[in-house]
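Hi,

Here is the model I said I'd pass along.

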Protein chains: 2
Amino acid sequence: MDMLTRIQQALNKELTLAHRPSAPPRLLAAMRHAVFPGGARIRPQLCLAVARACGEDAPALTDAAAVAIELLHCASLVHDDMPCFDDADTRRGKPTVHKVFGEPLALLAGDALIILAYETLARTGVQHPQRLAALLMTLCEGTGAPDGIVAGQAWECESRVDLGQYQRAKTGALFVASTCAGAQAAGADPSGWRGLGECLGEAYQVADDIRDVMLQADQLGKPAGQDAHHHRPSAAADLGLLGAMAYFRRLMQAAIDSVPECPARSAMRHLVLQESERLIPQSACDRVEREHQAAHLARPSVVTCIAGPA
Amino acid sequence: MDMLTRIQQALNKELTLAHRPSAPPRLLAAMRHAVFPGGARIRPQLCLAVARACGEDAPALTDAAAVAIELLHCASLVHDDMPCFDDADTRRGKPTVHKVFGEPLALLAGDALIILAYETLARTGVQHPQRLAALLMTLCEGTGAPDGIVAGQAWECESRVDLGQYQRAKTGALFVASTCAGAQAAGADPSGWRGLGECLGEAYQVADDIRDVMLQADQLGKPAGQDAHHHRPSAAADLGLLGAMAYFRRLMQAAIDSVPECPARSAMRHLVLQESERLIPQSACDRVEREHQAAHLARPSVVTCIAGPA
């Protein structure tokens, strides 16, 4: 079974468990709307890939960790989309949860997804109690205060922000949790996999900034130009489009270089390259570079003006 | 050390751990505002009392369970107070989190408190891995979908609601989690303590409905008359004030009767009676009954009109 199918099935199983007659039906519908059909599922894929690279010996626990990570990610999207933050109408190409179910249920669906993430881990973790505690800590560190994705989002409410710290928390933290949890679910030491999560997390944030500038809403599946609109820190604004693209490539290379020596190293390298191409295709980088050079040539430089032939 | 002091110290310790220079300071301030100075802390007190009754042998784990329960309760209050729900200006006698820090930080502070609850449990639970998994499940069941407090709140977004199911989830679920977690933290079987949580949970919800009708905002520490204002199901509306009070007394007695045989049974009975008096003083019940009888006597009944002497 390919990783994406495995993740979709595991997510579906968990959400179905919550479907009991005693539950408020619109809450369940809002939770399902937030999780399916889903995006690239890159975080749980990363968790699975690292678990495999570490000689996965407890697949149900890997599934639980991967599902928990994706549920936490989906919860953060539901809350980030709400009117008091991005006030976004669309996400993953369809109306956001609060647009379909209203603000109260969007708020509660996000809360319920966070709790379901920990419940998923607890349900399977009971068979692996030693690994459960470590996995829990990893997920909490990746999501809460002081350095998880909730803290990252909260930096948007501060008057002074360090771009690196903001991005490490807002995006990087859950990528680090994904790689570390993959190792921990397989009973391995997570420390060697931290670098991969850090590099990929930063690369994804940079890619998100680039895509927010370059693509249209129908290609993004969500409103475009949101960083500028909300005056959010952005690598594309800081470094320019070309600079941000070069930085993205360097981060993806660093991600590949960080993968520890293991039999699955080439498979992991392949996954990273594939994601890199999916996020920011090389052809797009080449096009932006050509346009930049053309603009540079068309506009005579000060040196040309001064030193050129009469 | 009395239970309340022990809980305050344990809560303070956990919130202080999140205070690191890398964290967004306003998020930390919003979290602290949501937790301190706090209300009666009845849920964590209940957790501690049950753990003691079960021969508490891991006090740090009891503390962690009690703190986690209170953090989850505080998180639910922050989110319930937000404009898309109760739009409350005050809570526990001071401005609500969104009034002081704005909606985005109230949303995030609630999320961060939920995550901190699980992190608190994980941090101490690593020493007691078998108990950790059971405690986690108890807390998740008490808070999430299908039957936890988030589901209870979500019943307010449904067009058809069963009052009992709504109250069991909205208030009862976290009381059940409190008694069960107390037993589990002490390594005991929680099943005998479920009834106490169920009775107290329902009694608290009924008391809340009564107090919402009887008291003024300055006595409640939050806006009064909210149930009628938001057209919420309410025992006071369903049974009348006198009927609701009688029902409350019966539930408190059932709570006392449910306490399993144990050396601490009389201490537990004392705690329940003390809470009963704090919530709805006997003097208030007597006054309402007197007023009811006076009104009944002053207004001739149909029977009197027909059968009375000319």
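What rotation and what shift along its axis superpose chain A on chain B? The rotation is 180° and the shift 0.0 Å, with an RMSD of 0.0 Å (least squares on the C-alpha atoms of residues with pLDDT of at least 70 in both copies). That is how a two-fold axis relates things. Within chain A, Pro129(A) has the C-alpha nearest the axis, at 2.5 Å.

Some housekeeping: this is a predicted model, so local features need pLDDT of at least 70 and side-chain atom pairs count only at pLDDT 80 or more, while totals for chains, interfaces and linings use all residues. Residues are numbered from 1 along each chain as its sequence is written, with chains lettered from A and ligands numbered from 1 in the order in which they are written.

On to the interface. In total, 50 residues of chain A are in contact with 50 of chain B (contact: C-beta atoms, placed from the backbone, within 7 Å). The copies meet through the same surface, since 100% of chain A's interface residues are also interface residues in chain B. Helices H2 (25-35), H6 (103-125), H7 (129-143) and H8 (149-154) of chain A each supply at least two residues to that side (helices are DSSP runs of H or I, at least four residues, numbered from the N terminus). H6(A) gives the largest share, 15 residues. By class, the side of chain A touching chain B has 33 nonpolar, nine polar and eight charged residues (nonpolar: Ala, Val, Leu, Ile, Met, Phe, Trp, Tyr, Cys and Pro; charged: Asp, Glu, Lys and Arg; polar: the others, Gly among them).

Cheers

Note on methods:
Contact = placed C-beta atoms within 7 Å.
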